[in-house]
There are 2 protein chains.
Amino acid sequence: MSGATLYAINPASGERLAGTFPKADVQMVEEALTAAEQAFHSYQTIHKNKKALFLHAIADALSANGEEIVNRAMQESGLPLPRLQGELGRTTGQLRLFADLLAEGSWIDAVIDPAIPERSPMPRPDIRKMLVPLGPAVVFGASNFPLAFSVAGGDTASALAAGCPVVVKAHPAHFGTSALVADAILAAAEKTGMPTGIFALLFDDGYEIGKALVQHPLTKAVAFTGSFNGGMALVKLAEARKEPIPVFAEMGSINPVILFPEMLDSKPEELARQLAASITLGAGQFCTNPGIMFAIAGYNLGRFKSALTDAISKTPAATMLSPGIAENYLNRANALLKEKGVFLLAVAEIAAQNQHLKSQSLPRIIAVNGSDFIDNEALQEEVFGPHSILVSCENIQELERALAALSGQLTMTLMATNQDLQTHQNLVSQLKSKTGRIILNGVPTGVEVCAAMQHGGPFPATNDSRFTSVGTDAIYRFVRPLAYQDWPQELLPDALKDGNPLNIYRKINQQLTK
Amino acid sequence: MSGATLYAINPASGERLAGTFPKADVQMVEEALTAAEQAFHSYQTIHKNKKALFLHAIADALSANGEEIVNRAMQESGLPLPRLQGELGRTTGQLRLFADLLAEGSWIDAVIDPAIPERSPMPRPDIRKMLVPLGPAVVFGASNFPLAFSVAGGDTASALAAGCPVVVKAHPAHFGTSALVADAILAAAEKTGMPTGIFALLFDDGYEIGKALVQHPLTKAVAFTGSFNGGMALVKLAEARKEPIPVFAEMGSINPVILFPEMLDSKPEELARQLAASITLGAGQFCTNPGIMFAIAGYNLGRFKSALTDAISKTPAATMLSPGIAENYLNRANALLKEKGVFLLAVAEIAAQNQHLKSQSLPRIIAVNGSDFIDNEALQEEVFGPHSILVSCENIQELERALAALSGQLTMTLMATNQDLQTHQNLVSQLKSKTGRIILNGVPTGVEVCAAMQHGGPFPATNDSRFTSVGTDAIYRFVRPLAYQDWPQELLPDALKDGNPLNIYRKINQQLTK
């Protein structure tokens with residue numbers, strides 16, 4: 001190690017927190033990945049039910065030390081207690097969801113096409129395939145979910161479930177939380193007899209270690225949640241390797257909300273309050289924060305604006321995740337005010353009760369008309385914080401042009417009556433082509449962890465719209481198919497043996513069967 | 001169009017064949033993709049069974065004109081009649097396989113997590129997801145399969161099945177065959193009422209049109225089978241786009257064959273004959289041609305070499321696919337002879353009976369010892385043709401080091417007794433990590449089209465080991481998940497409606513059900 005030590009900051013006080021963390025160097029990267037590669041081979045021989053126990057043991061260890069972890073996360077992130085308690089529950093829930101997926105076992109997509117020796121002119125060989133893990137995976141902790149998208153978050157849970165050892169780069173905004181969570185993982189690994197090297201955590205406050213991790217030849221996959229620039233830097237590093245490797249970069253989104261005429265007309269105040277709450281939730285620090293809203297002038301848009309202004313002005317300031325994030329928020333929000341045709345619609349007037357708190361963000365809504373939006377790509381860049389843009393269009397044609405100018409998104413939200421959807425069928429169909437999730441009369445914040453969730457979307461929301469980072473399908477980022485041709489029963493993996501010893505769903509001669 | 005015309009060459013005679021083909025220009029690229037984008041939206045609204053009829057109609061049209069297509073392909077490719085008749089059957093079979101997949105319908109992976117309004121502290125919304133097509137796909141015809149990997153080959157069949165309109169760039173080695181096959185597709189599209197723009201074929205003898213197709217903003221996916229340099233050039237173009245898009249490039253492989261001691265000892269002559277036939281099949285012009293063999297000295301390796309030399313020397317020369325491919329083969333094969341430690345083991349002595357035929361290739365086997373192989377990456381470059389390298393290792397340790405030096409492959413073939421596999425378990429496990437398909441006591445040539453096939457593999461065999469270009473799973477290259485949150489029944493796609501009107505397998509509350 002470099003010998004340098006790092007420490008954590010309380011964003012609310014600006015003060016240094018207890019504890020020091022060793023700054024990693026390239027030697028530690030080498031050691032972590034060499035150990036991960038060794039662990040990879042023995043981890044593959046471990047029974048699926050034992051791997052499931054490992055994931056349950058991580059969840060148990062996190063719960064057992066939950067109070068310390070949540071308290072440290074509060075100090076490091078400025079997030080409130082109930083939110084972090086909820087996030088801890090989400091984190092352990094994710095781990096248990098993947099444990100259940102492993103124990104059930106059908107996720108490996110076993111497919112069997114038995115031999116047809118009598119086929120003419122050529123006999124058909126026996127071909128059987130299943131998914132196998134890619135190898136050691138590198139995971140980047142995210143700033144905005146110190147638990148659920150960090151050290152033992154969805155990326156780590158899905159990679160471990162897939163069969164990949166994991167090396168995590170801790171996010172600099174929560175080193176202490178990261179260390180506590182890593183301790184829980186390592187304790188669970190030891191308790192359940194997992195191989196040494198199955199997991200490692202590295203600390204860095206710069207970019208060198210992240211770069212070295214992605215470039216290391218033993219790294220076979222990368223998962224990242226964060227900014228567009230950060231994600232694309234990793235994608236480019238992975239593409240430039242001698243052996244390119246898959247990166248899944250969830251790079252955020254402005255999560256458009258479209259206020260359709262009949263719905264807007266019918267309840268402008270209710271929509272305004274619902275959206276104001278979503279925009280300001282968690283100081284707006286969500287990938288799915290509704291950063292832009294579209295409406296057609298008329299249809300009670302005036303009443304919507306008044307109610308939105310009212311709700312935003314009454315929202316208290318909140319502590320952001322780090323001093324750097326708070327500074328970026330203010331700079332980005334101020335820069336947008338200088339774009340052509342943009343004006344300030346609403347700003348929070350209530351600073352935090354404790355005036356001495358630092359890293360505070362004031363929620364803000366800006367407005368622009370449709371034609372100024374269409375010509376200005378800068379208005380589509382994410383502002384990470386409690387911020388949204390209201391785009392006011394003259395008529396449906398301008399709304400259609402404005403929406404056609406949008407790039408890919410994690411979510412699209414339609415505030416619409418069934419009549420609105422019938423009237424604007426083509427527009428709705430176009431919106432579907434630009435998003436990973438399409439929400440009707442709800443808010444995009446709150447990403448349910450379940451099998452049906454798609455947390456991903458067309459570029460630039462992610463770099464590959466075919467994958468998700470939330471929900472059980474997140475596992476498919478870390479696996480590839482391997483086909484066995486003409487292997488004898490006794491040498492096949494259990495998943496592919498006649499008689500189905502694992503009792504999983506399999507496709508045999510194109511028929512799903514169990 | 002540019003006004004220039006192109007024509008086709010008979011590789012056996014070097015003569016120009018009848019027919020001219022319009023050389024495409026960027027305006028034709030623009031028109032094809034604009035029409036494809038328009039077709040994309042209406043094609044999505046077409047019922048799956050009608051799409052299946054479209055694929056069946058293509059197969060019907062190809063069969064109806066089979067004699068003309070096969071005759072033209074013979075003239076253009078130098079491939080023999082039975083091979084091309086078989087390839088036509090494979091091509092129509094692939095189309096019907098995807099038609100059946102569509103009609104059955106479960107491939108779209110419908111997942112439903114119904115709402116839980118009473119859940120505390122937050123109700124669970126209703127989330128349902130399914131796969132949706134990416135958009136217009138660009139397919140590159142391959143030189144070595146004028147039918148099965150070209151205009152109506154597996155890439156086109158899987159992209160059309162996925163819901164993506166297709167623009168094909170014809171391979172310059174078989175323009176006439178490509179035009180006849182395109183006619184069949186267009187006739188089938190008209191007959192079954194598919195939208196204009198669902199398919200287009202463009203001709204070019206250079207790289208400009210391929211480049212323009214990959215760079216066009218309306219292109220959303222690319223499929224390619226061919227050389228490493230060709231594939232990587234397309235991958236880099238796609239990565240450099242403003243909106244990066246997925247490319248699946250199957251870039252070939254040297255398909256190692258490992259002759260384990262007990263098996264080699266027990267039947268050296270039989271193995272030699274089996275491998276000689278695989279190496280020279282179709283003039284060695286297969287992605288899965290066994291381009292390298294590994295053995296340990298002793299164990300009757302001498303008898304294997306003699307029998308291999310004997311079999312190769314008696315193999316007649318064969319016409320290669322094009323004069324350029326024949327020239328490249330000779331140059332690459334001769335260059336390898338100059339590498340350190342390489343010597344010529346066997347070469348065919350029998351030229352074609354018709355001495356006047358051009359583009360002939362003589363099968364050739366070269367040999368090198370293990371230590372010279374390990375240090376020389378040039379020996380891992382594919383030689384497209386009837387060529388293989390025998391790597392002779394001193395002992396098991398050197399064999400392990402030689403195999404550890406191998407890069408990713410489409411296939412690995414183990415010639416081994418069960419005792420060999422038991423003795424060398426760790427080595428077998430290492431081999432699995434480097435390949436998409438692992439074959440026991442067979443040959444890698446002959447890629448079965450079935451659900452269990454994996455035709456892909458770790459880099460550099462392909463650029464993304466998570467996908468396949470052969471078999472029904474090839475469809476997953478062209479789709480992404482889309483989640484619907486809180487949509488009413490009547491506005492959901494049929495695949496996601498309660499009551500399962502399509503009668504497909506779906507995952508509901510994590511349980512597979514129909």
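Predicted model: local features only at pLDDT ≥ 70, side-chain atom pairs only at ≥ 80, totals over all residues.
A crossing of two helices is called left-handed if the near helix is turned anticlockwise from the far one by less than a right angle, and right-handed if clockwise. Residues are numbered from 1 along each chain as its sequence is written, and chains are lettered from A, with ligands numbered from 1, in the order in which they are written.

**Figure 1. Chain A as a whole.** Let us start with the overall picture. Chain A holds 16 helices and 21 strands; these are DSSP runs numbered from the N terminus (helices H or I, at least four residues; strands E, at least two). Its C-alpha trace spans about 75 × 65 × 40 Å along the principal axes. The radius of gyration of chain A is 25 Å, which agrees with the value near 24 Å that a compact globule of 514 residues would have (taken over C-alpha atoms; the globule rule is 2.2 Å times the number of residues to the power 0.38).

**Figure 2. Helix 2 against helix 6 in chain A.** Helix 2 (residues 48-64) of chain A packs on helix 6 (residues 175-191) of chain A at an angle of about 135°, the axes being 8 Å apart. Axes are lines fitted to C-alpha atoms, for helices over the stretch in contact, and angles run from 0 to 180 degrees between N-to-C directions. The angle makes helix 2 of chain A oblique to helix 6 of chain A (under 35 degrees is roughly parallel, over 145 roughly antiparallel, 65 to 115 roughly perpendicular and the rest oblique). The crossing of helix 2 of chain A and helix 6 of chain A is right-handed. Among the residues that meet here are Phe54(A) and Ile58(A) from helix 2 of chain A and Val181(A) and Ile185(A) from helix 6 of chain A. By class, this contact between helix 2 and helix 6 of chain A has 11 nonpolar residues, no polar ones and 1 charged (Ala, Val, Leu, Ile, Met, Phe, Trp, Tyr, Cys and Pro are nonpolar; Asp, Glu, Lys and Arg are charged; the others, Gly among them, are polar).

**Figure 3. Where the chains meet.** How many residues of chain B are in contact with chain A? There are 53, and they touch 53 residues of chain A; contact is counted if C-beta atoms, placed from the backbone, lie within 7 Å. Strand 19 of chain B gives the most to this side of chain B, with 6 residues. The side of chain B that touches chain A has 25 nonpolar, 14 polar and 14 charged residues.

Figure 4. Strand 19 (residues 479-485) of chain A and strand 18 of chain B run parallel, joined by 3 bridges, and Tyr484(A) has Ile438(B) as its bridge partner.

How values were computed
Contact = placed C-beta atoms within 7 Å. Pairing = 2+ DSSP bridges.
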